[in-house]
Amino acid sequence: MSSLILQLAIIRSLIFPFYSIEGASMDYTLEHGEKVIGTNYFEIDRFDIVIMDVPELDKYYIKRIIGLPGDRIEYKNDELYINNELVTEPYLETKKEEWLQFTEDLIIEKVPDDEYFVLGDNRRNSKDSRDMGTIPKENILSEALLIYWPLNKVNLI
């Protein structure tokens with residue numbers, strides 16, 4: 001029995017780690033106090049929600065992948081353009097207010113190789129690539145898969 005528990009603990013920590021959401025940077029997709037299960041075996045795709053290590057701040061952050069290596073990223077009048085194509089962000093629709101800019105205008109001419117441009121869904125209250133710069137691939141630890149707490153919010157991400 002103790003061998004089984006040890007095996008499950010190893011699988012949980014190496015393959016499906018658990019994380020707690022701290023702060024409001026991913027509101028309303030993920031909220032402070034929720035707990036999520038991630039996976040350490042994943043391909044990084046645009047709009048994935050990932051857990052990343054930011055060593056200079058000695059902290060883990062959870063953010064959404066916006067820009068992939070080689071992408072040109074532009075925000076103009078609160079609209080996202082990737083490689084000069086307008087891209088909708090449906091996960092932001094409930095939070096936009098016409099009178100208040102959600103994402104300041106910016107241009108990233110090229111996301112560096114093996115790096116990613118990440119943003120929190122709560123753009124007005126998020127420390128992300130706008131402040132920290134792009135994130136190296138090796139600092140992206142896990143992809144968030146499932147909210148498991150509180151029980152009334154259990155859901156795939």
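In what sense do strand 1 and strand 2 pair, and over how many bridges? They run antiparallel, with 3 bridges between them. The views below come from a predicted model, where local features need pLDDT of at least 70, side-chain atom pairs count only at pLDDT 80 or more, and totals for chains, interfaces and linings use all residues. Residues are numbered from 1 along each chain as its sequence is written, and side-chain values use heavy atoms, leaving out hydrogens and water.

**View 1. Strand 2 and its two partners.** Strands and helices here are DSSP runs numbered from the N terminus (strands: E, at least two residues; helices: H or I, at least four), and two strands pair if DSSP finds at least two bridges between them. On one pairing, Ser-20 sits opposite Lys-35 of strand 2. Strand 2 also runs antiparallel to strand 11 (residues 140–149), joined by 5 bridges; there, Val-36 has Ile-147 as its bridge partner. Of the 5 residues in strand 2 (residues 35–39), 4 are buried, so the rest of the structure largely encloses it. Buried means under 20% relative accessible area, exposed over 50%, and partly exposed in between (1.4 Å probe, protein chains only).

View 2. The order is 7-6-5-8, with antiparallel pairing. Strand 7 (85–87) and strand 8 (106–108) are the edges, each pairing on one side only. Strand 5 (residues 73–76) and strand 8 share 3 bridges, and Ile-73 faces Ile-108 across that pairing.

**View 3. The largest nonpolar core.** This one has 12 residues, including Ile-66, Ile-73, Tyr-75, Phe-102 and Phe-117. A nonpolar core is a set of buried Ala, Val, Leu, Ile, Met, Phe, Trp, Tyr and Cys residues joined through side-chain atoms within 4.5 Å. Strand 5, strand 6 (79–82) and strand 9 (115–119) each bring at least two residues to this core. Leaving aside neighbours within four places in sequence, Phe-117 is in contact (heavy atoms within 4.5 Å) with residues including Ile-66, Ile-73, Leu-106 and Val-111.

**View 4. Arg-123, tucked into a loop.** Arg-123 lies in the loop between strand 9 and helix 2 (129–132), and is buried at a relative accessible area of 3%. What does its side chain reach at 2.6 Å? That would be the backbone oxygen of Gly-120. The Arg-123 side chain also makes a polar contact with the side chain of Thr-103 (3.3 Å). A polar contact is a pair of N or O atoms within 3.5 Å; within protein, one must be able to donate a hydrogen and the other to accept it, and residues adjacent in sequence count only if both atoms are side-chain atoms. Beyond four places in sequence, Arg-123 touches Tyr-75, Tyr-91 and Phe-102, among others.

**View 5. Salt bridges.** With a side-chain nitrogen of Lys or Arg within 4 Å of a carboxyl oxygen of Asp or Glu as the rule, the count comes to 8 salt bridges. Glu-31 and Lys-153 form one of them, with their closest N and O atoms 3.3 Å apart. Glu-31 is in the loop between strand 1 and strand 2 and Lys-153 in the loop between strand 11 and strand 12 (155–156), so the pair ties together parts 122 residues apart in sequence. Asp-71 and Arg-46 form another, at 2.6 Å between the closest N and O atoms. Asp-71 is buried at 5% relative accessibility, while Arg-46 is partly exposed at 25%.
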